[in-house]
Amino acid sequence: MKKLGLTLIAVGALWATNSFAGDDEKVARMWKSKCGSCHGADGKGETKQGKKMGIADMTTAAWQKEFTDDKIKETILKGLSREKNGKQQDMDPLEKELDAAQIDQLIKFARSLAKK
């Protein structure tokens, strides 16, 4: 009986790990489709469009400190249109495309980029 219990725990742990890995893959795909063309897969902004607009490197401690979760959320929802350092920066609003959970996942993903 003890062996069966340990086996069930191990199976449950593997299932949970695979479930979370699937969620991570979904968020990475969402990031790639919604954010990657400018911010890059790694958040450094070293894409053609990112360089053209002077996108900041999201992986730096300075960026992570300056941009609160609320500020990131507002930018995702409402978009952005500004000139910064002589470069036009535009980001389309995603409030009609993403739900609250997806936005929270993108924020967590952006935060995780600093840890890589």
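The following dialogue sets values computed from a predicted model against the definitions behind them.

Visitor: What makes a feature count in this model?

Guide: In this predicted model, local features need pLDDT of at least 70 and side-chain atom pairs count only at pLDDT 80 or more, while totals for chains, interfaces and linings use all residues. Residues are numbered from 1 along each chain as its sequence is written, and side-chain values use heavy atoms, with hydrogens and water left out.

Visitor: Why is Gln-64 called buried?

Guide: Buried means under 20% relative accessible area, exposed over 50%, and partly exposed in between, with a 1.4 Å probe and protein chains only. Gln-64 has a relative accessible area of 16%, so Gln-64 is buried. This residue lies in helix α4; helices (H or I, at least four residues) and strands (E, at least two) are DSSP runs, numbered from the N terminus.

Visitor: What does the side chain of Gln-64 reach, and which residues is Gln-64 in contact with, leaving aside neighbours within four places in sequence?

Guide: The side chain reaches the backbone oxygen of Met-58 at 2.6 Å. With contact taken as heavy atoms within 4.5 Å, Gln-64 is in contact with Met-58, Ala-110, Arg-111 and Ala-114, leaving aside neighbours within four places in sequence.

Visitor: Is Thr-59 buried or exposed?

Guide: Thr-59, in the loop between α3 (48-53) and α4, has 17% relative accessibility and therefore counts as buried. Leaving aside neighbours within four places in sequence, its contacts are Asp-42, Gly-43, Lys-44, Leu-113 and Ala-114.

Visitor: What makes the pairing of the Thr-59 and Asp-57 side chains a polar contact?

Guide: A polar contact is a pair of N or O atoms within 3.5 Å; within protein, one must be able to donate a hydrogen and the other to accept it, and residues adjacent in sequence count only if both atoms are side-chain atoms. The side chains of Thr-59 and Asp-57 make such a contact at 2.5 Å.

Visitor: Why is Glu-95 called partly exposed?

Guide: Glu-95 is found in the loop between β2 and α6, and its relative accessible area is 37%, so the residue is partly exposed. A polar contact of 3.2 Å joins the side chains of Glu-95 and Lys-78.

Visitor: How do you know that the span of α6 is close to the expected one?

Guide: The expected span of a helix is 1.5 Å times one less than its number of residues. Helix α6 (residues 100-113) has 14 residues and reaches 20 Å from its first C-alpha to its last, close to the 20 Å expected. At its start, a side-chain oxygen of Asp-99 reaches to within 3.1 Å of the backbone nitrogen of Ala-101. Among the buried residues of α6 are Ile-103, Leu-106, Ile-107 and Ala-110.

Visitor: What lines the second largest pocket?

Guide: A pocket is an open set of points on a 1 Å grid over the protein atoms alone, where a 1.4 Å probe fits, with protein on both sides within 12 Å along at least five of seven lines; lining residues have an atom within 4 Å of a point. Asp-23, Asp-24, Val-27, Gln-105, Lys-108 and Phe-109 line the second largest pocket. The elements giving two or more residues to this lining are α1 and α6.
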